[in-house]
Amino acid sequence: MDSIKHTLHTLRHKIRSSLFIPIFILCSILGTLGLYQLNGRSMAISTASYTSSQPTKKSDEKQFYAFLKKLFQDEVTANTLNLHFTLADPASADIPKYPVTFGEISTDAEAQNLASLENIKNELLTYDPSSLSIAARLTYDILKDSIDRKLEMAPYYYYEELLGSTNGTQSEYPILLAEYQFYSKKDVEDYLELLSQYDTYMKQLCQFEKEKSKKGLFMNETAALNLIDQCRAFIPDDSKTSFWETTFSERLNKIKDLTKKEKKDFIKQNHEQLMEHVYPAYRNLIAVLKALKNTGKNTQGLCYFEDGKKYYELLVKSMTGSDHTVPELEKMVESKREHHIEELSELAAPTAQTAASASDHTPEDFLEHLKKCMQTSFPACPDANYTVKTVNKKLQDFLSPAFYLTSPLDQYKDNCIYINPGSQYSEIQLFTTLAHEGYPGHLYQTIYSYSKKLSPIRYLLYHGGYTEGWATYVEMLSYQYAGLDEKTARALMLNQDATLSLYATIDMGVHYEGWSLADTVDFLSSYGITKTSVISNIYQTILENPANYLKYYIGYLQFLELKDKAKAFYGNDYSELLFHTAILDMGSAPFYILEKYMNHYYKAS
């Protein structure tokens, strides 16, 4: 199944609650072979046929990169949203023509994708990695891992949920379409063609949900009702003032050579497509959800489905990039939390003013401050512009506290961070959120990676543990940049760490150990968290988004583990700058692969 690249990076999936000191979770959005993951599918491979005719191993690196280029071209054109958010000008990657499509959701398409994956793997295995350069060998290992993960999860096609409350197609596609930049008239035409296909694509999604229902794998009633409310937010009361209409007109204004008549015609076509295809798609989805809402047979975690525990193990491995087993991760998380809570108890709790005050600074003030503070510990990257935008008021209840929208490979100077005012940030929350989404988080990591000019296929391989783990890791570091006294900064960081660890433990408890809501209440009450509405919200969110929070916390812990190993190995030769440079130069990958190549890249740094 074709899906969308992880174009939206999140601080989005975090729940606002009153846990612990005051507990808060900052998140980022979408946040894409896992190629893309906007609609929940983890590997969106095109159906191009790759065949191997040579029985001996190939050692020609130029030929290997030609294979990767062809793979990139086929993959990136399988979904036009993927293409547009990856390349502002497809011709720059030798893609003069391409179909305009959202891709297809069907068992036939999935079968074709899996057959293609097998062929791609067979072709990949004809190359001798030992004859390749370090960079090419790294790409070889990462690509093989991505393919293997997808093939492992193939039997669990219907266990995946494309309508997740925090990262579902129904909420992510509107944001991406609203941010679909018009660099040329052709982009406008492609956009309008996509809108004309919106209802067809959503009908395929509805059919997928009906098939899940028949197999006893449909979501619980509460999740369905939440999605119905969310879908209603995308159908405007007044279409002429909806974000669908206003953002379209704003983007048209950026095309300088459009005549007034062309602009007027495009605005009319946009309105017609919305009325005929987009709004009806949401009305139909609401009707289907209403019809299916009582068909969910499992109101608890994945482990209560047949083979659900095995699926969760594979999902955790895919989402986190960790090769630890779930029981090992449970112990790791618990140990870290106990250690940090013990340390936290010895520190003075942050003052009410520090924890809850409104911000007197703009997001831009904070981002510029962070850019200055990080200079000695992080490698320099190209200059880039960014715009901080506000989430549309009608959508604030359904979208992340914040998210970063990735820029195209060939035009990464312009970046966008969304802030959700509905999250009511305190000053320190806004500051650390912008560290997560901006500098040294998602925005910085993205444009730095682009500047290294890795093989383009690398930018399509999504590794949530690396991406969200990095953003969480630097978010924790950012407390020391906030101008707080050392003890307060440390206390707030430990509080955030402990909060994230609670969500991670609950995720594994619910989906692997089979915790009920009552079990979750008992667990959180041992930490002094007893508010029923808060716990019910946490439980339901984790039910709907299995392993999502693990990307953040397990990814973060894996970076700490890599750092500890680097310190032990390099001793006096260790430095934060060299470590961060090596991690960023390698680019996103599973953690066992990062560890394998660390020595090569640390030396190169």
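Q: Is the crossing of helix 4 and helix 11 left-handed or right-handed?
A: In this predicted model, the crossing of helix 4 and helix 11 is left-handed. The near helix is turned anticlockwise from the far one by less than a right angle.

Q: Which residues make the contact of helix 4 with helix 11?
A: Helix 4 contributes Arg-149, Glu-152 and Met-153. Helix 11 contributes Tyr-311, Leu-314, Leu-315, Lys-317 and Ser-318. By class, this contact has 4 nonpolar, 1 polar and 3 charged residues.

Q: Why are helix 4 and helix 11 called roughly antiparallel?
A: Helix 4 spans residues 134-153 and helix 11 spans residues 308-320. The two pack at an angle of about 160 degrees, with axes 10 Å apart. Angles over 145 count as roughly antiparallel. Helix 4 and helix 11 are therefore roughly antiparallel to each other.

Q: Which residues make the contact of helix 16 with helix 17?
A: From helix 16 come His-442, Tyr-444 and Gln-445. From helix 17 come Tyr-466, Thr-467, Glu-468, Trp-470 and Ala-471. The classes are 4 nonpolar, 3 polar and 1 charged.

Q: What is the handedness of the crossing of helix 18 and helix 20?
A: That crossing is right-handed. Helix 18 (residues 486-513) and helix 20 (residues 532-544) cross at roughly 65 degrees, and their axes come within 10 Å. On the helix 18 side, the contact is made by Tyr-503, Ile-506, Asp-507, Val-510 and His-511. Ile-538, Tyr-539, Ile-542 and Leu-543 make it on the helix 20 side. By class there are 7 nonpolar, 1 polar and 1 charged residues.

Q: Why does Ala-547 count as buried?
A: Its relative accessible area is 0%. Buried means under 20%. Ala-547 is therefore buried. The residue sits in the loop between helix 20 and helix 21 (548-570).

Q: Why is Asp-307 called partly exposed?
A: Asp-307 has a relative accessible area of 47%. Partly exposed lies between the buried limit of 20% and the exposed limit of 50%. Asp-307 is therefore partly exposed.

Q: What is the phi of Asp-307, and where does this residue lie?
A: Phi is positive, about 65 degrees, although Asp-307 is not a glycine. The residue lies in the loop between helix 10 (260-292) and helix 11.

Q: Why does Glu-118 count as partly exposed?
A: The value for Glu-118 is 39% relative accessibility. Buried would need under 20%, and exposed over 50%. Glu-118 therefore counts as partly exposed. Its place is in helix 3 (residues 107-124). Glu-118 and Asp-148 are 30 residues apart in sequence, with their C-alpha atoms 9.4 Å apart in space.

Q: Which residues does the cis peptide bond with omega of about 5 degrees join?
A: This bond joins Tyr-439 and Pro-440. Pro-440 is found in the loop between helix 15 (427-437) and helix 16 (442-451).

Q: How many helices and strands does the protein chain have, and what percentage of its residues count as buried?
A: The chain has 23 helices and 5 strands. Of its 605 residues, 62% count as buried. The accessible surface comes to about 23,200 Å², with 50% of it belonging to carbon and sulfur atoms.

Technical notes
Residues numbered from 1 in each chain as written. Predicted model: local features only at pLDDT ≥ 70, side-chain atom pairs only at ≥ 80, totals over all residues. Heavy atoms only, no water. Axes fitted to C-alpha atoms, helices over the stretch in contact; angles between N-to-C directions. Helix = DSSP H or I, 4+ residues; strand = E, 2+ residues; numbered from the N terminus. Parallel < 35°, antiparallel > 145°, perpendicular 65-115°, else oblique. Contact = heavy atoms within 4.5 Å. Nonpolar A, V, L, I, M, F, W, Y, C, P; charged D, E, K, R; others polar. Buried < 20%, exposed > 50% of the residue type's maximum accessible area, 1.4 Å probe, protein only. Areas by Shrake-Rupley, 256 points an atom, 1.4 Å probe, with all protein chains shown as cover.
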